[in-house]
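Subject: Handing over a structure

Dear colleague,

Please have a look at it before you read my notes.

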Amino acid sequence: MIADALLLQLGYNATLVAIGATLLGLAAGAAGTFLFLRKRALVSDAISHATLPGVGLAFIVMVAMGGDGRNLLGLLAGSALSAWIGLLCLGWLVRRTRLAEDAAIGAVLSVFFGFGIVILTVIQTMSSGRQAGLESFLLGSTAGMLRADAAIIAIGGAIIVALIVLLRRPMTLVAFDADFAVAQGLPVARLDLAMMGLVMAVTVVGLKIVGLILIVALLIIPPVTARFWSERSDRVVLLSGLVGGLSGFVGAAVSASAPNLPTGPIIVLVSFAFFVASLLLAPGRGVLAEVLRHLRFRKRVHLRQGLLALAQGQPIYEPLTLRLLRRAGLARADGVATETGRARAAKALRDERRWQVVRGDQAYEAVAALYDGLRDIETVLTGDQIAEVDRVIGRPQGVPA
Amino acid sequence: MTLELAAAKGQRMTQPAQSAHSPLSIRGLTVSYGQKPAVFSVDMTVPPGAMTAIIGPNGAGKSTLLKAALGIVKPLSGRVEVFGTPLAAQRSRVAYVPQRASIDWDFPARVIDVVLMGLYRQLGLLGRLRASHKAQAMDCLERVGMADFSERQIGQLSGGQQQRVFLARALAQDADLYLLDEPFAGVDAATEKAIIAVLKSLREDGKTVVAVHHDLATVRDYFDHVFLINTTRIAEGPVDEAFTAETLQAAYGGRLATAQVDQLARALG
């Protein structure tokens, strides 16, 4: 069943939903990356909740004008307008009052959402509102998705991606170093607004599929996931778009494969699965890689310390050190060095003396900076340099250089 | 004879233009966070082709002065002119090196990416990043001795290396006026040497350098001009005239420890 869904074999509606969800995920992942890099991810939560009153008011206005209250384009326009007002309120609160951004986000989010719920309740009591199904915008609903709905998502997503391509460099610079961006003459406030505008567009476009409560997940989880895999912002944007698109596609397919599986929440769970896999398995920034790196480092430290202790005839107290030395064939169980152990220990001690000379000599400054107590000296000095250092060591004490 | 005349004429034509407009001229600048001015009614005239140090105790408004000059913080009053005109018209001639601590170094970027940011303005929105831009960025890294690190993630750099990357980014802008905020703060000796060498080479090319500086012991070695500030302007001029025990006392007041004064007395001769 899932295989059928993944191959778009589950019928017209499921195919429309899958295409729409993929494009939405792509746009959300890419747009969300800039928000994430700017460290303002939570603003998206305020934006999305601020769409609700607009949806309700647009419905009322359209009905009052004698039209069909459920016209998607009209509802989305209304939601965009109220999200924009929410965004301006947020900006005003942060700039003009002493409210910090997190508090301002909480205020805007809850007030707009509460107002939206009130309007929706009022609509429920209207004769024309009973069938409106506006509450489906809260968590998304793909059951009756039309071709026109999918077209709106596709066109909206394409415009969002095009704008991201156009603004990617200035938005990256603002996220990295806003002061420098100002000094370069970039309109930072307007770029920030453009970034928020993109996020708002994603939210509005995503209302139908994912809904306003969960769209935050599609804006935040893909960039965080992508960050595990790259150290370059342009690639993080690209990967994030990919993760978002893939989550949208797989999520839509899975939800179509069984009755009564909600599309939006499944998409979010799929993206979360990508996140967990990345968190654990990513090379470099992943948890597993971090643990392995630490264990390797600890082993090197213990071996080095053990060798230095052997060389100086000191007893080894740490059981771990002794165990590592034994396993490497450098010491016996009673803590006495083996033949190889003695040779390696002597070398370690000699290297330590050489390092002392290097670190005390201004001429070796660049090399001295590499000292970590673990490195073999021949990895940083040439044979001639080592000979020179050895001459300094060999010189009797007290004779100036 | 004709040649000489042409040369003399050329000189006459270029020189007034240069001396008439200071690279950075500030008049009556006041900047305030809340109700307390960080910088109050400050005048400053930066001499062209020289290295100027902005000196003063902690919280004296040194960084704020620089940020206001660049339009990063909005002044309450005052006028800033760059090469004789408002800043907006001269952005491409001004390069800025912010404080290292002001940004998040875990940002996903390599060293070369940061330097390339200095070229974004020149690239515009639609310009493509070409091999020539990369070469230009590598050239700037070479000048600060960081070419070998170009592919490194910026979070892996030491403080001094980060500072050199920031300087390389400013070099990429190929500006005429360089404003640096504490370029020597918390850097190793090798970096300090590398940075000062680059700044001196900029001066030799006729560029103007202004740096917020905190190490009083090196002022005399590094700079031609000083600007002493403690909320208001205390003194301004060539190091020999303006960097004296009296002006320092006026700027630092009781905060200058006796040991420091002794050390400076020796440095000042």
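Chain B has a mean pLDDT of 87, with 87% of its residues at 70 or more. Within chain B, confidence is highest in strand 8 (residues 208–212), at 97, and lowest in helix 1, at a mean of 44. Over residues 1–18 of chain B pLDDT stays under 50, and the model has one contact beyond four places in sequence for them. Where pLDDT is low, the predicted coordinates should not be read in detail.

The contact between the chains takes 21 residues from chain A and 23 residues from chain B. On the side of chain B that touches chain A, two or more residues come from each of strand 6 (94–97), helix 3 (111–117), helix 4 (120–123) and helix 7 (189–204) of chain B, and the largest share, three residues, is that of helix 4 of chain B. By class, this side of chain B has 16 nonpolar, four charged and three polar residues.

Lastly, Pro23(B) sits in the loop between helix 1 (2–20) and strand 1 (24–33) of chain B, and it counts as buried because it has 28 C-beta neighbours inside 10 Å, where 20 or more are needed. Leaving aside neighbours within four places in sequence, the contacts of Pro23(B) include Val46(B), Pro48(B), Asp176(B) and Thr208(B).

Best regards

Methods: Residues numbered from 1 in each chain as written. Chains lettered and ligands numbered in written order. Predicted model: local features only at pLDDT ≥ 70, side-chain atom pairs only at ≥ 80, totals over all residues. Contact = placed C-beta atoms within 7 Å. Helix = DSSP H or I, 4+ residues; strand = E, 2+ residues; numbered from the N terminus. Nonpolar A, V, L, I, M, F, W, Y, C, P; charged D, E, K, R; others polar. Buried ≥ 20, exposed ≤ 12 C-beta atoms within 10 Å, placed from the backbone. pLDDT = per-residue confidence, 0-100.
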